[in-house]
Amino acid sequence: MPELSVSEVLELDRRHVWHPYGPMPGRVDPLVVDSASGVRLRLADGSGELVDGMSSWWSAIHGYNHPVLNEAAREQLGRMSHVMFGGLTHEPAVRLAKLLVDISPDGLEHVFLADSGSVSVEVAVKMCLQYWRSLGRPAKQRLLTWRGGYHGDTWQPMSVCDPEGGMHELWSGVLPRQVFVDPPPAEYEESYAERLRSAIERHADELAAVIVEPVVQGAGGMRFHSPAYLRVLREACDAHGVLLVFDEIATGFGRTGTLFAAEHAAVTPDVMCVGKALTGGYMTMAAALCTSRVADGISRGEVPVLAHGPTFMGNPLAAAVACASVELLLGQDWRAEVERIGTGLREGLAPAAGLPGVKDVRVLGAIGVVQLDHALDEAAMRAATEAAVREGVWLRPFRDLVYTMPPYVTGDADVARIARAVCAAAREG
Ligand code: PLP
């Protein structure tokens, strides 16, 4: 039973606890969640439940309190919740690595089990930089990416987030200096593809890798683009000796309608990051997968090891739940569920297209986006969130976006409800 009243939680929260991108002390009272089950969050103030249109930042694809994931966690907890990964190994980690190798694009063979998405991107970048150092090409240490991206909040990932107007703009002068190209248009345009090719060719001598979010640029703007650009990247990287990294942290595990977004283009990157839905949103775990070419390159170097090893690397509890989550996903017709949600969102969000201030409505896989023609300020963001809460739905509108990425187990009536909430929030914004 909870020991604190809701107002005590809020008081302590305001005084002591940082929230994502929040001030200290806190200015806005968050909602206090008591528990969660299925697709619903139960609020601690007794006011009821909210359908989670966010899947807890795109991770809880099976919903909450799932019996299969609970059992996997319980079983592993009774065995070993954690053990250091230096000099030791265990079944959950190797099973998970094998599972990821089996389901990811052909050629990705080696798995680094990191403890968050950002760290997996750090590791991916380190792999690429070290690869070229090992091959005696130490000048190849920069990254090329699209503007408008988001890859996490640690140093290297921040350096490849949108440098202007993005979440890490504050640091753009001191972060590693990367090469930016405009975000890809939604449809394929040969002239843009040509610009991509020539940027890669022009900077090839200093580029370690190109890193992008395939098919969907997520937190940087929820932009969708033609998978054909991924093939352009693959060909240009191969032609000019540059590695290719796909950040599938948001898109992985079915969100865009294929298991990984890379499949839309039938392209294998040299390194791929996954996270978020990897554990069904239960635990913090991510992974960077790489090809044998990358791993072999690193092991030919003067320092033949990948110098990275966080305390919670390969955490057995997270790995056991991740195995259960991936197997749960693969054991069902998840494509049909994602398609069903997409159809419901397309239908339910259609009225938003006629609202004043709405610039675009788009749906891909189980992602529904309403883009406004203006950015929401803090007050408008709060008003939009409250409008969704009045509809019984949890959303997190930001900048010019009201969007949803619901759990795949969201029923049709709840999908319709989420869509109504997105429209209500867009109206308010
Ligand atoms: N990469 C992408 C594409 C993401 O969407 C995110 C998080 O939103 C990250 C990396 C960072 O992951 P994490 O928040 O687990 O560090």
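Author: In this predicted model, strand S2 (residues 40–43) and strand S3 (residues 49–52) run antiparallel and are joined by three bridges. Within this pairing, Arg 40 stands opposite Val 51 in S3. In general, the strands of a sheet pair through backbone hydrogen bonds, in either a parallel or an antiparallel manner.

S2 and S3 belong to an open sheet of four strands, ordered S1-S2-S3-S15, in which the pairing is mixed. Strand S1 (33–37) and strand S15 (393–394) each have a single partner strand and stand at the edges, so one side of each has no neighbour in the sheet.

The helices may be considered next. Two packed helices are described by the angle and the distance between their axes. For helix H11 (residues 334–349) and helix H13 (residues 412–428), the axes come within 9 Å and cross at roughly 40 degrees. The two helices are therefore oblique to each other, and H11 passes H13 in a right-handed crossing. On the H11 side, the contact involves Ile 341, Gly 344, Leu 345, Gly 348 and Leu 349. These residues meet Asp 412, Val 415, Ala 416, Ala 419, Arg 420, Val 422 and Cys 423 in H13.

Note on methods: Residues are numbered from 1 along each chain as its sequence is written. This is a predicted model: local features need pLDDT of at least 70, side-chain atom pairs count only at pLDDT 80 or more; totals for chains, interfaces and linings use all residues. Axes are lines fitted to C-alpha atoms, for helices over the stretch in contact, and angles run from 0 to 180 degrees between N-to-C directions. Angles under 35 degrees count as roughly parallel, over 145 as roughly antiparallel, 65 to 115 as roughly perpendicular and the rest as oblique. A crossing is left-handed if the near helix is turned anticlockwise from the far one by less than a right angle, and right-handed if clockwise. Two residues are in contact if their C-beta atoms, placed from the backbone, lie within 7 Å. Two strands pair if DSSP finds at least two bridges between them.
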